[in-house]
Structures are given as C-alpha cells and as structure tokens.
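Please open the structure in your viewer and keep the selection tool at hand.

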Amino acid sequence: MKHVVMGVTGSIAAYKACDIVSGLRKKGVDVHVILTKAGAEIITPLALETMSSNPVITDMFNRENPWEVEHISLAKLADLFLIAPATANFMGKMASGIADDMLTTTVMATKAPVLIAPAMNSNMYLNPVVQANMDALKKRGCEFIDPAVGHLACGDEGVGKLADVQDIIDAVLNRLNVRRDMEGMKVLVTAGPTREAIDPVRYITNHSSGKMGYAIAEAAAERGAEVTLISGPVSLKTPEGVKRIDIVSSGELCDTVVEQFEHCDALIMAAAPADFTPVTTASEKIKKQGTGMTLELTSTRDILKTVAPNKGSRKVMGFAAETQNLQQNALKKLSSKNLDFIAANDVTAEGAGFGVDTNIITLYGADGSEEHSGKLSKRDAADWLLDRLMK
Ligand code: CTP
C-alpha cells in the first residue's frame, strides 16, 4: 500500500481537501493529513479524519504518543508528499527553510517527492515574490500542479484557482505509479502450506511461508482486483481489501478452490499443498510402541488438475518450486496441469528459497514464452507476474 502525507494549508480551497482524500482512498492509497492552524479555520480535523481513516495532525507537541517523533515518522512513511491547497505563505516558508509547525518540519524532513497544488488570489499568485519562491522550490525538485484560471473566492477572475480535484488525484496516482489495470477483475490466490493431521497433536507440512502468495494478493488488490485469498496456516497479516478464507488440509484447500473457481477470472496457485496425507488420522494421540512406526500415506487430489481442465477463458498460473531440472519440470507441469503460466524457481538458489523476502522467477507461458525476473523483492515479483498475466 502506498502512503501519501498530505498538507492542507489555509486557502479557502481547503474545503476541497476532503474530496482529494476520498478519491485517493478509493484508489487504495493510505492518506495522512497534516492540517495547518489556518487550514483548520476552513476545514475541521474531524472531516479529514473521517475521510482518511487516520488521525489528522495539527499539533507539533501532541503527547498521545510521546515516544514517537511524529514529524520524522510521517516524513519517513511518505511515498509522496502532497500539499493541496498550498498558500503563498506556506510556499514562502518552505522556500526559505522555515520550519515552525508540523507541516513545514515534516516536509523539510522527508525524502519523498513533493507535489504542490497552489491556490490563492491571482494577484498574489502572480506576485514576483511568490513566483520566485515557486521557482526556488522547482529547482529543489518540487513538482507543481498548476492552478486553474477561473472565478476566485474573492470575486476576481484569473489564475489561482486550485487545480481540478480529479487532476490532483491523477497526478498523485501517476507519480506513485499506482496502476489500476485489474479493476473489475476477480482474482483467486492461494498461499502457504497445508497441514495433514496424523493425530490430534502431529501433522505433516512443508516450508512454505505464504509470503509470495500474500504479496500477489496485496498487489492485485492495489491494482483494483477483487481478491479472495485462500490461505494455509501462516502468520502473515491479511493484505488490506483482500477477502481471506483459511484452510488447513490439502483436501480442504481443494474443495475451497473448486467452490471459488466458479466466481473468478484468474487463479494464481501459489500455495504448497501437501501431495500426501495419512490414510487415517488417529483420534487419540499415538503412543510410542517399540522402536518406530510406519505411517501409511495416500495421494491428495491435484488441485490444478481438478480445476484447470475446465478453465474456459479464466487465466490460471501455477508455481513450480524445484531443486533440480527447473525448466524440464516446470514445462511438464505447465502442460500436464493445463496452465497459462508457470512461475518456476530454484529453491536452492540464494534469494529464492522458502521464507526469504526475495524471489528469482523464470516464467514459462503456454505460448512458448520464457522470461526471467532477476532477483526481486516478493512484492516486486508479484507485480512482475501480474504485469505478464494482464498482457
Ligand atoms: N498443486 C496442486 N495440487 C497439489 C499439489 C500442487 O494444485 N496437490 C499446485 C501448486 O500449488 C503449484 C503447482 O501445482 O502451483 C506445482 O506444485 P509442485 O508442488 O511444484 O508440483 P507437484 O504437482 O506437486 O509435483 P512434484 O511434487 O512432483 O514436483
């Protein structure tokens, strides 16, 4: 999820800040508002708090979280800093290095790109000192969303009207590189291991951490898809906006995928279901007898082979975690499981194994394509895979 810190200053256009916050939230962006004292004369913190679902910061010396240096933590959190509306006074302070309130200190401490949408009377806007301050800020890397020409609050006609709310939202989304190419799509993702019970205290499982599947679910939701995540037992947080269904065994995973597959446009099978399960599960804890025990296992259903033959126009992507003959094994699974893509990785390679935060993928397509991702964070690997699924 992308984080925007938004400064709202004391221009009359501050009343439009709620619409900007709401528009960004609808696109899955997390917004934290810093409201100046003058801004708070025009719009209330409560309105902005309700729209952003985050506390609005107005006070430099808030004692609620005294251990946290708030302007620094917000400055670090920001993927992008937006000032909308920005007054002549704010830009003057920023250009001169004055940091005397929460907004000016936080913007000074951030390394994130800064986008500024000025709004003021046209004579003020055209005043050489304001223009010089804006030039100075541009030279230091700030970007501007220019004000529009129109009827101003003071009754004048001219330049100075806050840019169109939608243009500001689009500028932020563009700068954040937020893609919404999966809007309207229903995506089913599976993640994590399964557990096959031997008795009430023991089970068979594998090393899957679920991280890759969770990263895919998060990325697809951010790109606008309606995501259902069927998850084995893992200790990961459900990504925002994702519907999660928990399962335990490979059989349960199979039943749930069959049920959910009906309603999806794409299935991404990142889970590592157990291939074998005990023939019987003892109802009581098995006691030690002699020097060992024999466990009889039976094969579980192959989930992809169960659903993919009837996929129709649905896109299906499988995974192949291999320790040897990567290409040969992956291509065999691609065709035998009737997949559109198989994402293969060598789990013995450094940066591609279980539980790590990176992955190195070779993606084979049913059309004969082969692409290499290089070493990516699992989150970037998720977008890399979705880019190809969406092609
Ligand atoms: N898979 C599945 N049903 C299973 C086992 C695996 O649908 N019972 C899926 C996995 O989610 C993955 C793909 O099939 O997307 C390949 O899984 P993998 O474990 O690599 O292959 P297997 O088919 O189990 O073959 P093998 O264990 O022989 O490598």
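How far is an oxygen atom of the ligand from an N or O atom in the side chain of K333? Select both: the distance is 2.8 Å, which falls within the limit for a polar contact (a pair of N or O atoms within 3.5 Å; within protein, one must be able to donate a hydrogen and the other to accept it, and residues adjacent in sequence count only if both atoms are side-chain atoms).

Before going on, note that this is a predicted model, in which local features need pLDDT of at least 70, side-chain atom pairs count only at pLDDT 80 or more, and totals for chains, interfaces and linings use all residues. Residues are numbered from 1 along each chain as its sequence is written, and side-chain values use heavy atoms, with hydrogens and water left out.

Next, select L304: one of its polar backbone atoms is 2.9 Å from an oxygen atom of the ligand. There are 15 residues around the ligand (a heavy atom within 4 Å), and M269, A271, F319, K333 and K337 come nearest.

**The domains**

Now colour the chain by domain, using bounds from an automatic or database domain assignment. Domain 1 covers 3-176, and domain 2 covers 186-281 + 294-390. Their centres, taken over C-alpha atoms, are 42 Å apart.

**Strand 1**

Select V8 in strand 1 (residues 3-8); a strand is a DSSP run of E with at least two residues, a helix one of H or I with at least four, both numbered from the N terminus. Is V8 buried or exposed? V8 is buried, because its relative accessibility is 0% (buried means under 20% relative accessible area, exposed over 50%, partly exposed in between; 1.4 Å probe, protein chains only).

**Helix 5**

Move to T105 in helix 5 (residues 102-109). T105 is buried, at a relative accessible area of 12%, and its side chain reaches the backbone oxygen of M102 at 3.0 Å.
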